[in-house]
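Keep the sequence handy while you read.

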Amino acid sequence: MSVVSLLGVKILNNPAPFDAKYQFEITFECLEPLQRDLEWKLTYVGSATSSEHDQELDSLLVGPIPVGVNKFIFEADSPDLKRIPTSEILGVTVILLSCSYDDREFVRVGYYVNNEYDNEEMNDDPPAKPVIEKVRRNILAEKPRVTRFAIKWDTEDSAPAEFPPEQPEADAVEEDGTAYGAEEAELEAAEAEAEVTEGVKEDKEDEEMGGADDTAGPAAAKAEDDESDAGSEDLEAESSGSEEEDIEEEEGEGEADEDMDMGEDAQQTSTGKEPAIQGQHQGEVMVH
């Protein structure tokens, strides 16, 4: 808790010429007696690109501070033009009103300041070298930016905690970073496993496709060859069987002829006619 609270700041001369003094009416409240004075400062930001051109316009020690609401007038000189880049004199800049106790800043109020010529002609066509007598400043008092800092005042109890209080129950809880890292590791492992599974599946599909090609290729050709061979064997068997049947039929016919011849021979022998013809028929039978 802050011992001193800033209640309000009123800018007394605004707008004003660029080289006029700054005048602030400051109201604050003190909750308990202070052993030291309050130090107020006003800083002019000379450049938006570098802090080297910042300059402290004035500082004021206020004290002793009575308990309760206090009010005073703070005046500060205008900035030194020699410390401001020529290109940064006109345009928008910032002033900072701050207060410290024992060299520890506890409040800061920032205002935007617009510096421009007091006539439209010069604003439309500004001279190469700024004419300071014609430049006026306008502090945007309606939109201050207030920043407060916790500091140590006169007692140790008022000092802000340098470290957060001990929380034994929080130590037992797993850290977010560890849990998050574990979740990331699990996710990566799952993704890697999915990739491996997908790769194995693709390889298996390739193997199945290759097996199908083999089955449709050499195996099928072999089966066709076997079927053609079997057909050939059957045809050969049939042809050989028919030949054997033909031979048997021919032999049967020969035997029949022989029987017939033998019958004729027997008839001729019994009649005793033409023995020479009998020998000729026997020779033909031997040929068959």
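## A nonpolar patch

Where does L140 lie? L140 sits in the loop between β9 (135–139) and β10 (145–148); strands here are DSSP runs (E, at least two residues), numbered from the N terminus. This is a predicted model, in which local features need pLDDT of at least 70, side-chain atom pairs count only at pLDDT 80 or more, and totals for chains, interfaces and linings use all residues. Residues are numbered from 1 along each chain as its sequence is written, and side-chain values use heavy atoms, leaving out hydrogens and water.

L140 is partly exposed, at 36% relative accessible area (buried is under 20%, exposed over 50%, partly exposed in between, with a 1.4 Å probe and protein chains only). Together with V92 and Y112, L140 forms a nonpolar surface patch with about 300 Å² of accessible area.

## Two cis peptide bonds

Most peptide bonds are trans. Yet the bond joining N14 and P15 is cis, with omega about -5 degrees, and P15 belongs to the loop between β1 (4–11) and β2 (16–17).

Another cis bond runs from G63 to P64, with omega near -10 degrees. You'll find P64 in the loop between β5 (55–62) and β6 (68–76).

## Positive phi values

Now look at the loop between β7 (91–101) and β8 (104–117), where D102 lies. D102 isn't a glycine, but its phi is positive, near 55 degrees. D103, in the loop between β7 and β8, also has a positive phi, about 60 degrees.

How exposed are these two? D102 is partly exposed at 30% relative accessible area, while D103 counts as exposed at 70%.

Terms used:
Patch = residues over 30% accessible without salt bridge, like charges linked within 9 Å, V, L, I, M, F, W, Y side chains within 5 Å. Areas by Shrake-Rupley, 256 points an atom, 1.4 Å probe, with all protein chains shown as cover. Salt bridge = Lys/Arg side-chain N within 4 Å of Asp/Glu carboxyl O. Helix = DSSP H or I, 4+ residues; strand = E, 2+ residues; numbered from the N terminus.
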